Amino acid sequence: MIRYLKEFLIAVYLLTHYDYYFERISVMGIGFPLVLFVAMFVVLTIALFMTAYIRQSLIRHLFALAMFVSAVFFDVYSRVTADYLTYSSFVSLVYSGGFIEEALYQYRDAIISGVLGGLPLLIGIGLKPRRRMPVPGALMVAAPVLGVLLLSAVLFVRAGEGARGLPVMYTPLAYLNLFAYESLHNTVGPREPVNLARIGQPVGHDIVLVIDESISGNYLDINAPFGVHSNLKEPHAGVEIFNYGYAASIANCSVDTNVTLRYGGTRGDYVRINSTLPSIWQYAKKAGMHTVYIDAQRTGGNLQNLMSAAEKKDIDEFVQFDQTSVRDRDMAAAAKLIELLNDDKSQLVIINKVGAHFPVHDKYPDAFMAYRPTLPRGQFVEVTDTGERNGFNGQPDDWMLYRNAYKNTVLWNVGEFFSRVFAQANLNNALLIYTSDHGQDLHERGNPGLNTHCGGDPVEEEGLVPLVVIQGSGLQTLDWQAALAGNKDRSSHYNIFPTLLQLMGYDLTGVEAVYGKPLSVPTADDFTFNYRFNARLGAKPEWKHIDLNSIVTPSQAPASMAVGQ
Ligand SMILES: [Zn+2]
């Protein structure tokens, strides 16, 4: 038995994924593609065993580690999303690496299961071989490399498709290979300067784009009867609020939406526009405005959402809150915004809020625990009466707790944020656009998985965001009211960039020709979001249309209103 331990462990690892292979085979059916699939499967499996017989311990251990990490990555992704890891999702994950710490927290059970499940592979390859294969040593070392290259070639030809059902340890390695290739062969041209014509006066007011994080349009009181109190529904002295209702996001992943909000990519032409046309900062500077970026999510000067050092050069004031706890960062952002609105400069301000990204256990203070029972508080302390000790396993009961914690977070990070802004800011010379980067899958229908967004097979709520325009009562900008009735519940993130340019005084005809329609005209929007944003190597994006008749909204008022409102 011990003599065959190596082979036994690798076989056990491969067999644990039998349902994954047969799912692929049953989709393919009998035919020539099946022959190719089986051939590919056999070649990759042989290469795997050859890896395990490499005689040089160090080289064998390195391959064992690489394949183990790759397999665990694939497994954890599948457990978390209940979905297959596509190349597009892989690229989105690489770009959103900044959330890795939080992901480790929310998904730690899935990660532990994935690591334990991968151990037979790690040990199986790593163990000292007791047999000698009748093959030259160099060929054995080359085998795993050739396996990854072979799969990469197939993926390259098939625009990222073709790894499904094959031994999983190769898939992320092949994706990484493709990603490296694409990064090296970036054929994007240089970024153009501002060429659009401006008409009229200098901009005499502030323009603010508030990009919330993971705030689903269906959880706010402005859109749903039992939505969370946002402070955007009731009138406030001195301002007008135009609620564009439900809007479609650009994508269901933060990075993809954010970069497109800053560069104006359209549904039909976002790759070229995002990589070669001017940023919103460049347009603002050209319009004579001061530019301010408030990033409440990152610290220490780290850039996110594909912002480059070159882009940052056009930002006059770059704000992060290194000394503030995550729970209080949106309030710090509110304070900074109030300060900017109360000075007399005309600024373009873009804010990335903390919002309600997972984990939401502790993103709100105790006084805002209006919805109960909720997720356990603190790392080990239990504040709730649920008896739930170890956080989150993705069962329906867990999601019920999660939704309550999410609503408490919204009450704080949206409701209280706007409460402070309306109370303390001088909005006479202010124009704010409020939205979120994407919506959330809060698993109201009992669908499996631990994820809330970025999935490759999203629910409609993942692309459902709020869209609100807030303007000082005396300020004359665009005629919001004229198109409001027609655009409400029918517009999208794609209408925001042209709106910002029109606000800055750029000529509407020129703006529309490149960036599409602003909110001041009938938007005639597709009402779809992109869930294969990183469609690479010739693949096409995938668009999900949102049918508002199938949207789930919260069904309960808070059990106890801890907050006096
Ligand atoms: Zn996000």
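## Helix pair α3 and α8

Helix axes are lines fitted to C-alpha atoms over the stretch in contact, and the angle between two of them runs from 0 to 180 degrees between N-to-C directions. This structure is a predicted model. In it, the axes of helix α3 (residues 32-52) and helix α8 (residues 137-157) come within 8 Å. They cross at roughly 150°. Angles over 145 degrees count as roughly antiparallel, so α3 is roughly antiparallel to α8. The crossing of α3 and α8 is left-handed.

From α3, the contact takes in V43, L44, A47, M50 and T51. From α8 come M140, A143, P144, L146, G147, L150 and L151. The residues of this contact divide into 10 nonpolar, 2 polar and no charged.

## Nonpolar cores

The largest nonpolar core has 99 residues. Those with the most contacts inside this core are V208, L337, V349, V468, L500 and M504. Helix α15 (residues 396-424) supplies the largest share of the core, 12 residues. In soluble globular proteins, nonpolar side chains tend to be buried together.

L337 shows some of the contacts. Residues up to four places away in sequence are not counted here. L337 then touches V208, V349, I351, V421 and A425. Another core lies apart from the largest one. This other core has 47 residues, among them L9, M67, Y77 and L121.

## N352 in strand β5

N352 lies in strand β5 (residues 347-352). Is N352 buried or exposed? A residue is buried if 20 or more other C-beta atoms lie within 10 Å of its own. N352 has 25 other C-beta atoms within 10 Å, so N352 is buried.

Leaving aside neighbours within four places in sequence, N352 is in contact with I211, E213, N258, D295, A296 and Q297. S492 sits 140 residues from N352 along the chain. The C-alpha atoms of N352 and S492 are separated by 18 Å.

## Helix α10

N258, one of the contacts of N352, belongs to the buried residues of α10. How many residues of helix α10 (residues 254-263) are buried? The count is 10 of the 10, so α10 is largely enclosed by the rest of the structure.

The buried residues of α10 include S254, D256, T257 and R262. V255, V259, L261 and Y263 are also among them. Just after α10, G264 takes a positive phi of about 85°.

Note on methods. Residues numbered from 1 in each chain as written. Predicted model: local features only at pLDDT ≥ 70, side-chain atom pairs only at ≥ 80, totals over all residues. Core = buried A, V, L, I, M, F, W, Y, C linked by C-beta atoms within 7 Å. Buried ≥ 20, exposed ≤ 12 C-beta atoms within 10 Å, placed from the backbone. Helix = DSSP H or I, 4+ residues; strand = E, 2+ residues; numbered from the N terminus. Contact = placed C-beta atoms within 7 Å. Parallel < 35°, antiparallel > 145°, perpendicular 65-115°, else oblique. Left-handed = near helix turned anticlockwise from the far one by under 90°. Nonpolar A, V, L, I, M, F, W, Y, C, P; charged D, E, K, R; others polar.
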